[in-house]
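Morning, everyone. Please have the sequence and the model up on your screens.

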Amino acid sequence: MMTQTGEAHRLPVLKERHLPGECRQSVTELLKETYGYDGFRNLEIYDDLFKNRDTLCISQGQLVENVIREAEKAYKGGEQPDNILLTAPTGAGKSLLFQLPAIYLGKEYNLLTIVVSPLKALIVDQVEGLQDVGYERVAYASSDLSPEQKMEVYRAVREGEIDLFFLSPELLLSYAVREGEIDLFYLSPELLLSYDIRHFIGNRRIGMVVVDEAHTVTTWGKEFRVDYWFLGRYLDALKQNLGYSFPLFALTATAVWNPKGGNDKVIETIRSLQMEPCILYVGTV
């Protein structure tokens, strides 16, 4: 599936999809417990755009299970995990597709998920969304908070009272996520690339790295926010420095798919983030 040769427009290594039949029961229960949903929604994706525009209907649960299995591969050390890139329209529930695996991986294995997010408004929206459904183990720190509020957030993080800790690009942290039991850790690419990762996470093991709004890697990275352009190189070096691997999960609603022509943001994003080998899910618009 999805292979093509030619040095002039060499495609990255794309792995064949092997979708799980369904999501494990414990994750379905966590979906109900956290979000109040009885079941997963469906997503429509293209089967193989190199051949035609035929589509498949898959469950969010199948993709969530796929993401979890790749993280488990890395954690258990049996084989190298595959990276995943998903394009899906706004409103398709993309945030759940990485939040739920992150919560599960933290609960089952004490693994940390790092989410690279470009805008504070997006972070706040996700925090408030989780709070609205009653999930209280979530916080974010930003320049909007007073020094006293920041200290209270750091204390809660260190003492394990918070599961998700969101950082804005504006905040320069001295102590962030050392030994706390945190499932999801949001930060900007600028902040991520400015410090040794242990400054933020201490001895926590990374289970997965998520790049939300992944089109910004190429559309902003060349001119506006250059740290995005170096993100892939950084993450590749990070695996070498830490001595273990983890999957990369990139999501976007706006990347252009045009493998036989120019302006292909999907392929360019895979290359820039050094996601090979990659499992590709291209959703219909």
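By class, the lining of the largest pocket splits into 9 nonpolar, 8 polar and 5 charged residues. The classes are simple: Ala, Val, Leu, Ile, Met, Phe, Trp, Tyr, Cys and Pro are nonpolar, Asp, Glu, Lys and Arg are charged, and the others, Gly among them, are polar. The lining counts 22 residues, and Gly93, Ser95, Leu96, Asp125 and Gln126 lie nearest the centre of the pocket. Two elements give two or more residues to this lining: helix H3 (94-109) and helix H4 (120-132). The pocket holds about 510 Å³ of space.

You will want the criteria. On a 1 Å grid over the protein atoms alone, a pocket is an open set of points with protein on both sides within 12 Å along at least five of seven lines; a cavity is a set where a 1.4 Å probe fits but cannot get out; lining residues have an atom within 4 Å of a point. Points join across faces, edges and corners, and a volume is the space filled by probe spheres set on the points. Helices (H or I, at least four residues) and strands (E, at least two) are DSSP runs, numbered from the N terminus.

Ground rules next. This is a predicted model, with local features needing pLDDT of at least 70, side-chain atom pairs counting only at pLDDT 80 or more, and totals for chains, interfaces and linings using all residues. Residues are numbered from 1 along each chain as its sequence is written, and side-chain values use heavy atoms, with hydrogens and water left out.

How confident is the predictor, on pLDDT's 0 to 100 scale for each residue? The chain averages 79, and 73% of the residues score at least 70. Residues 1-8 fall below 50, with 18 contacts beyond near neighbours in sequence. Residues 168-181 are also below 50, and that stretch has 55 such contacts. Contact means heavy atoms within 4.5 Å. Where pLDDT is low, predicted coordinates should not be read in detail.

Now the cavity. There is 1 cavity of 30 Å³ or more. The largest cavity has a volume of about 40 Å³. Its lining is Gly232, Leu235, Asp236, Lys239, Leu248, Leu273 and Gln274. Helix H9 (residues 231-242) supplies the largest share, 4 residues.

The chain as a whole: 10 helices and 11 strands. Of its 285 residues, 55% are buried. Buried means under 20% relative accessible area, exposed over 50%, partly exposed in between (1.4 Å probe, protein chains only).

Where does Val27 sit? In helix H1 (residues 25-35). Val27 counts as buried because its relative accessibility is 0%. Leaving out residues up to four places away in sequence, Val27 touches Phe40, Val64, Ile68, Leu100 and Tyr104. From Val27 to Glu65 is 38 residues in sequence, but 8.3 Å in space, C-alpha to C-alpha.

Last, backbone details. The peptide bond from Glu276 to Pro277 is cis, with omega near -5°. Pro277 lies in the loop between helix H10 (265-272) and strand S11 (278-282). Asn110 is not a glycine, yet has a positive phi of about 60°. Asn110 sits in the loop between H3 and strand S5 (112-116). Glu213 also has a positive phi, near 55°. Its place is the loop between strand S9 (206-211) and helix H8 (216-219). Glu213 is partly exposed, with a relative accessible area of 23%.
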